[in-house]
Amino acid sequence: MGTGTALAMRLIVRAAEVLEADRLIPITGAHVDSCLYHGQATLDFVDRLVDGGATVRVSTTLNVGSVDLLHPELWRGDPDLASRGRRLMDRYRALGCRPTFTCAPYQLADARPARGEQVAWGESNAIAFANSVLGARTNRYGDFMDVAAAITGRVPNAGLHRSGERRARLVIRLGDDVPWRLLDEDTLYPVLGLVVGRLAGGRVVAVDGLPPGIGEDRLKALGAAAASSGSVALFHVVGSTPEAPTLTDALQGAAPEAEAVVSMDDLRQARTELGGEGGGPIVAVSLGTPHASTAELAEVADLLAGRHAADGVELLVSTARDTLSEAEADGVAGRLREAGAELLVDTCSYISPILRAPNGPVMTDSGKWAYYAPANIGAQVVFGSRRECVESAIAGHVVRDATWGSA
Amino acid sequence: MGLRVSGRLIAPGRAHAPALVLEEPLSLWGGLDPATGRVIEPRHPQHGELVTGRVLLMPAARGSSSSASVLAEAARAGTAPAGIVLGEPDLILAIGAAVADELYGIQVPIAVVTPDVLAEVRTGEPVDIGPEGLTAD
């Protein structure tokens, strides 16, 4: 065993001690978040692995890094920081990781673990999606630990890798005052996710009473918001996610330890916290957090409908480089660019200096973006539906529709 | 002698330093500036406090998995806390401390104690972390 692999194994053993696991179990894949630059220590660590001859032994995707490697001209910060970020991304490729550079690896057809598969994933929204929507099994793996698992192919047998730990402890229902028409609006799901995360903290949660068969993009938005406001790593949605055909399944036959009802007032308040007010001018619109799916890119192009973003409004859509190349092939990327949109890959506009005027006001359809951007890049955020975001980009100021009624 | 508790260590090492009690959980990512060692989360009750050379006490770590990187970077920069005391085990911080030890030979011991013990310690009181656990006068 080389010194790099030995270092990775020492970390895995330490993790097993902390979690008081009885043994290590094999994994079939990993998603590594450690490729985002957080200081010299993050480079020193990967150098130790690469120079020590380590390579990953399972199929491993990479999360976003600091820099859009395909469009480096979009970086507006310190060039030295960009070169450090780029070097870190390169070093993770040298370990044998796939250069996917996306926070939504589950949207890549060949990177989706099957139900019951044991994996080691980093990035909070990806962890929530893998566990909840795919039914794969991962704990919340952080920096260093995710790549150590990929190199050793092992994780401690603890937490969400074990069936019993996947049982819902908290059951959340929507109140009778929430109108049914709202359940068919995309924008409900990030708002609900914010509330779910706050209520759940780190507990496994089941959301009951939603219509069956909720689509992946809505579950993605719900999970990303819930994993921002809370430490949610697994949420069941009864009738929609694979371990919850019924509430009894989600609870594994046990009684819930706690129950909560989300009222229309709770939702309105959460939407306001995300940035629900505001009717003034905007300087930017940021879509695609987590990275936009093929369907979401097409929807944005359709909503733009041949119109162009207003002068002075930066319309930014983030996606995976693999999704972008599909969109280039089917013409969607061209339609977006003709409408004035910039397409960002490999990174995200709330973690790197990308926006021309980051202080905003910036409008977004993402609960996660709205949650983190104020502290990360100092943005004043206006939250809205995808349709409101597009109409606002065209108008140059916040445009609201009647989705949430007249407050 | 003061209070003595056999807290479990999830990261090894020794510390003898004044306590800094965090009234709310802190995510080191976005919450601690490794360049200065200060708490930078604006809404945190201990916003502006220096963690360097103090034993950080908090009921639980919070949030981002990138906190491991921030702890290792703070150790490298010489701004890390002398030690950490938690009310529950935290894998992310334990791995951050393990990496600081591996890369730089700098130990940031992390002890886990019961919440009632945590509540006994006040900011400024001297705290010892060693193999035998946590000691506070």
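Two strands are taken to pair if DSSP finds at least two bridges between them, and helices (H or I, at least four residues) and strands (E, at least two) are DSSP runs, numbered from the N terminus. What we have here is a predicted model, in which local features need pLDDT of at least 70 and side-chain atom pairs count only at pLDDT 80 or more, while totals for chains, interfaces and linings use all residues. Residues are numbered from 1 along each chain as its sequence is written, and chains are lettered from A, with ligands numbered from 1, in the order in which they are written.

Let me start with the sheet in chain A. Its 5 strands form an open sheet with parallel pairing, in the order β12-β11-β10-β13-β14, and the edge strands, each pairing on one side only, are β12 (341–345) and β14 (381–383) of chain A. From one strand to the next the twist averages 25 degrees, where axes are lines fitted to C-alpha atoms, for helices over the stretch in contact, and angles run from 0 to 180 degrees between N-to-C directions. Strand β11 of chain A, residues 314–319, runs parallel to β12(A) and is joined to it by 5 bridges; within β12(A), A:Leu343 is the bridge partner of A:Val317.

Across β10 (284–292), β11 and β13 (362–364) of chain A lies helix α14 (residues 386–395) of that chain, which runs at about 145 degrees to β10(A).

Turning to the two chains, the contact (C-beta atoms, placed from the backbone, within 7 Å) takes 25 residues from chain A and 22 residues from chain B. On the side of chain B that touches chain A, α1 (67–77) and α2 (91–104) of chain B each supply at least two residues, and α2(B) gives the most, with 8 residues.
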